[in-house]
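These are my notebook entries on a structure that I opened today, kept in the order in which I looked things up.

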Amino acid sequence: MADASYSHPLFSCRNCRNPIALRDDLLSKRFVAKSGGAYLFKHAMNIVVGKKEDRQLMTGYFSVADIFCSKCGEELGWKYVKAYDPSQKYKEGRFILETAKILKEY
(Lines give C-alpha, C1' and ligand atoms only; values in the text may rest on other atoms or scores of the structure.)
Protein backbone atom coordinates (compact mmCIF):
# COMPACT_ATOMS: atom_id res chain seq x y z
CA MET A 1 0.00 0.00 0.00
CA ALA A 2 1.34 3.45 -0.88
CA ASP A 3 2.30 5.87 1.87
CA ALA A 4 -0.58 8.35 2.40
CA SER A 5 1.78 11.32 2.07
CA TYR A 6 2.37 10.44 -1.60
CA SER A 7 -1.25 10.10 -2.63
CA HIS A 8 -3.11 12.75 -0.62
CA PRO A 9 -2.58 16.41 0.26
CA LEU A 10 -1.73 16.66 3.93
CA PHE A 11 -0.93 19.12 6.69
CA SER A 12 2.40 18.93 8.48
CA CYS A 13 4.05 20.58 11.48
CA ARG A 14 5.37 23.96 10.35
CA ASN A 15 8.40 23.51 12.62
CA CYS A 16 9.67 20.07 11.50
CA ARG A 17 7.43 18.97 8.56
CA ASN A 18 6.13 15.90 10.44
CA PRO A 19 2.82 14.80 8.77
CA ILE A 20 -0.07 15.68 11.12
CA ALA A 21 -3.38 15.37 9.25
CA LEU A 22 -4.76 14.39 5.84
CA ARG A 23 -6.72 16.90 3.76
CA ASP A 24 -9.49 14.28 3.51
CA ASP A 25 -10.00 14.55 7.29
CA LEU A 26 -10.52 18.34 7.27
CA LEU A 27 -14.04 19.12 8.54
CA SER A 28 -14.02 22.93 8.88
CA LYS A 29 -11.81 25.98 8.40
CA ARG A 30 -14.04 28.21 10.55
CA PHE A 31 -12.39 27.88 13.96
CA VAL A 32 -10.33 30.26 16.08
CA ALA A 33 -7.46 29.38 18.42
CA LYS A 34 -4.90 31.29 20.52
CA SER A 35 -2.76 32.17 17.50
CA GLY A 36 -5.66 33.01 15.16
CA GLY A 37 -7.33 30.75 12.60
CA ALA A 38 -7.70 27.03 13.14
CA TYR A 39 -9.05 23.97 11.34
CA LEU A 40 -11.19 21.13 12.71
CA PHE A 41 -10.09 17.61 11.71
CA LYS A 42 -11.64 14.15 12.12
CA HIS A 43 -8.25 12.55 12.78
CA ALA A 44 -4.67 13.60 13.52
CA MET A 45 -1.49 11.52 13.40
CA ASN A 46 2.05 11.77 14.76
CA ILE A 47 0.87 13.68 17.80
CA VAL A 48 1.18 13.42 21.56
CA VAL A 49 -2.01 14.12 23.51
CA GLY A 50 -1.47 16.05 26.73
CA LYS A 51 -3.37 16.04 30.01
CA LYS A 52 -7.14 16.42 29.85
CA GLU A 53 -8.62 19.57 31.40
CA ASP A 54 -11.89 21.46 31.42
CA ARG A 55 -11.73 24.76 29.55
CA GLN A 56 -14.16 27.55 28.69
CA LEU A 57 -13.91 28.16 24.94
CA MET A 58 -15.78 30.57 22.67
CA THR A 59 -18.53 28.03 21.91
CA GLY A 60 -18.93 26.61 25.40
CA TYR A 61 -17.39 24.51 28.15
CA PHE A 62 -15.35 21.48 27.08
CA SER A 63 -12.96 18.86 28.36
CA VAL A 64 -9.93 19.21 26.06
CA ALA A 65 -6.34 17.98 25.81
CA ASP A 66 -3.57 19.99 24.15
CA ILE A 67 -1.84 18.18 21.28
CA PHE A 68 1.83 18.32 20.37
CA CYS A 69 3.96 17.21 17.43
CA SER A 70 5.46 13.79 18.20
CA LYS A 71 8.74 14.74 16.50
CA CYS A 72 9.60 18.26 17.76
CA GLY A 73 7.14 18.81 20.63
CA GLU A 74 5.52 21.92 19.12
CA GLU A 75 2.05 22.64 20.53
CA LEU A 76 -0.33 22.36 17.56
CA GLY A 77 -3.81 22.77 19.03
CA TRP A 78 -6.13 20.54 21.07
CA LYS A 79 -8.39 17.51 21.05
CA TYR A 80 -12.02 17.84 22.11
CA VAL A 81 -12.55 15.08 24.69
CA LYS A 82 -16.03 15.99 25.96
CA ALA A 83 -18.59 18.69 25.15
CA TYR A 84 -20.90 19.67 28.01
CA ASP A 85 -23.40 21.41 25.70
CA PRO A 86 -25.44 18.85 23.70
CA SER A 87 -25.29 21.08 20.58
CA GLN A 88 -21.47 20.82 20.60
CA LYS A 89 -21.24 16.99 20.90
CA TYR A 90 -20.17 16.71 17.23
CA LYS A 91 -16.74 18.05 18.27
CA GLU A 92 -16.00 15.16 20.64
CA GLY A 93 -12.96 13.17 19.52
CA ARG A 94 -12.09 15.82 16.91
CA PHE A 95 -8.89 17.85 16.64
CA ILE A 96 -8.21 21.57 16.33
CA LEU A 97 -4.97 22.46 14.51
CA GLU A 98 -3.86 26.08 14.57
CA THR A 99 -3.15 27.31 11.03
CA ALA A 100 -0.06 29.20 12.25
CA LYS A 101 1.45 25.86 13.35
CA ILE A 102 0.83 23.76 10.21
CA LEU A 103 1.72 23.74 6.50
CA LYS A 104 -0.36 22.34 3.65
CA GLU A 105 1.68 19.96 1.51
CA TYR A 106 0.78 18.34 -1.81
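**Entry 1**

I began with Arg55, which is buried because its relative accessible area is 18%, where buried means under 20% relative accessible area, exposed over 50%, and partly exposed in between (1.4 Å probe, protein chains only). I note at once that this is a predicted model, in which local features need pLDDT of at least 70 and side-chain atom pairs count only at pLDDT 80 or more, while totals for chains, interfaces and linings use all residues. Residues are numbered from 1 along each chain as its sequence is written, and side-chain values use heavy atoms, with hydrogens and water left out.

Which residue forms a salt bridge with Arg55 at 2.8 Å? I found Glu53 there, with that distance taken between the closest N and O atoms; a salt bridge here is a side-chain nitrogen of Lys or Arg within 4 Å of a carboxyl oxygen of Asp or Glu. Glu53 counts as partly exposed, since its relative accessibility is 39%.

I then turned to Asp66, whose side chain meets that of Arg55 in a salt bridge of 3.0 Å, N to O. This pair links distant parts of the chain, with Asp66 in strand β6 (residues 60-69) and Arg55 in strand β5 (residues 47-57), 11 residues apart. For the names of these elements I rely on DSSP runs numbered from the N terminus, helices being H or I with at least four residues and strands being E with at least two. Asp66 and Arg55 are both buried.

**Entry 2: Other charged pairs**

I next looked up Glu74 and Lys101, whose side chains meet in a salt bridge at 3.6 Å, N to O. Glu74 lies in the loop between β6 and β7 (75-83) and Lys101 in the loop between β8 (95-98) and β9 (102-105), so this pair ties together parts that are 27 residues apart in sequence. Glu74 counts as partly exposed, because its relative accessibility is 27%.

How many salt bridges does a search of the whole structure find? I noted six.

**Entry 3: Phe62**

I moved on to Phe62, which lies in strand β6 and is buried, with a relative accessible area of 1%. Leaving out residues up to four places away in sequence, I found that Phe62 touches several residues, among them Glu53, Arg55, Tyr80 and Tyr84, where contact means heavy atoms within 4.5 Å. Two of the residues from my first entry, Glu53 and Arg55, therefore turn up again here, given that contact means heavy atoms within 4.5 Å.

**Entry 4: The loop between β4 and β5**

I looked up His43, which is found in the loop between β4 (36-41) and β5. Not counting residues up to four places away in sequence, His43 touches Ala21, Asp25 and Phe95. From C-alpha to C-alpha, His43 and Asp24 are 9.5 Å apart in space, and they are 19 residues apart in sequence.

Asn46 is found in the loop between β4 and β5 as well, and its relative accessible area of 34% makes it partly exposed. I checked the backbone there because most residues other than glycine have a negative phi. Phi of Asn46 is near 55 degrees, a positive value. Arg17, in the loop between β1 (10-13) and β2 (19-22), has a positive phi too, of about 70 degrees.

**Entry 5: The chain as a whole**

I ended with the protein chain, which has one helix and nine strands, and whose elements run α-β-β-β-β-β-β-β-β-β from the N terminus on. Its C-alpha atoms fill a box of roughly 40 × 25 × 25 Å, taken along the principal axes. Of its 106 residues, 39% count as buried. Among the contacts with a separation of 6 or more, residues 24 or more positions apart account for 43%.
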